Amino acid sequence: MDDDIGFAVEPITNCSHVPTDLPRQPFVEKPCAECGEPKENWQCMTCDVVLCSRYRQGHMRQHCESREGHSVCLSYSDLSLWCYACDSYIANDALDSTKRAAYIAKFGEEPPTRAPLLAGAASSSA
Ligand SMILES: [Zn+2]
Ligand SMILES: [Zn+2]
Ligand SMILES: [Zn+2]
């Protein structure tokens, strides 16, 4: 069975650093608060600050590494969640609604739900 969903790295599900004050309001249009980088920023899931990625000036990494309890952030480029304390992508149910809100803010539509393959395949082929 081919279960390739296109991610090279599986997110971990046991990150213990996910903030409890959720969901957060996404600000996908915000530039980096430090350098004004307009694209591919990250949002801290603890304090909502928007900062640039490690591929820009690395301001989000600086933020997370210098503050206790600020480890989990959301990418505006691919809506993945990263934990700096775990040094890994993470998946967490409590963060799903924030991720969903960010998707809607970014694309203007609901994220696609992963429909069961059988339902689609059986409906119209013949
Ligand atoms: Zn973690
Ligand atoms: Zn920056
Ligand atoms: Zn923060």
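Predicted model: local features only at pLDDT ≥ 70, side-chain atom pairs only at ≥ 80, totals over all residues.
## Overall fold

The protein chain contains 3 helices and 5 strands, and, read from the N terminus, these elements follow one another in the order β-β-α-β-β-β-α-α. Of the 126 residues in the chain, 27% are buried. When contacts between residues at least 6 apart in sequence are considered, 48% of them join residues that are at least 24 apart.

## The sheet

The strands form an open sheet of 5 strands, arranged in the order S2-S1-S3-S4-S5 and paired in the antiparallel sense. Strand S2 and strand S5, which spans residues 88-90, stand at the edges with a single partner strand each, so one side of each is left without a neighbour in the sheet.

Within this sheet, S3 and S4 are joined by 3 bridges in an antiparallel pairing, and cysteine 73 has tryptophan 82 of S4 as its bridge partner.

In soluble globular proteins, nonpolar side chains tend to be buried together. Here the largest nonpolar core has 21 residues, and Leu51 and Cys73 are those with the most contacts inside it. Two or more residues of this core come from each of strand S1 (42-44), strand S2 (50-51), helix H1 (59-66), strand S3 (72-75), strand S4 (81-83) and helix H2 (93-107).

Setting aside residues up to four places away in sequence, cysteine 73 touches Trp42, Gln43, Cys44, Met45, Met60, Cys64 and Trp82.

## Helix H1 and histidine 63

The buried residues of helix H1 are His59, Met60, His63 and Cys64. Seen down the helix axis, these buried residues fall within an arc of 130°, so they line one face of H1. The face turned away from that buried side carries the exposed residues Glu65 and Ser66, while S1, S2 and S3 are among the elements that cover the buried residues of H1.

Histidine 63 lies in this helix and counts as buried because it has 21 C-beta neighbours inside 10 Å, where 20 or more are required. Apart from its neighbours within four places in sequence, histidine 63 is in contact with Cys44, Val49, Leu51 and His70. Of these, valine 49 is 14 residues from histidine 63 in sequence, and the two are 9.0 Å apart in space from C-alpha to C-alpha. Another of these contacts, Leu51, is one of the two residues with the most contacts inside the largest nonpolar core.

Note on methods. Residues numbered from 1 in each chain as written. Chains lettered and ligands numbered in written order. Core = buried A, V, L, I, M, F, W, Y, C linked by C-beta atoms within 7 Å. Buried ≥ 20, exposed ≤ 12 C-beta atoms within 10 Å, placed from the backbone. Helix = DSSP H or I, 4+ residues; strand = E, 2+ residues; numbered from the N terminus. Contact = placed C-beta atoms within 7 Å. Arc of directions from axis to C-beta. Pairing = 2+ DSSP bridges.
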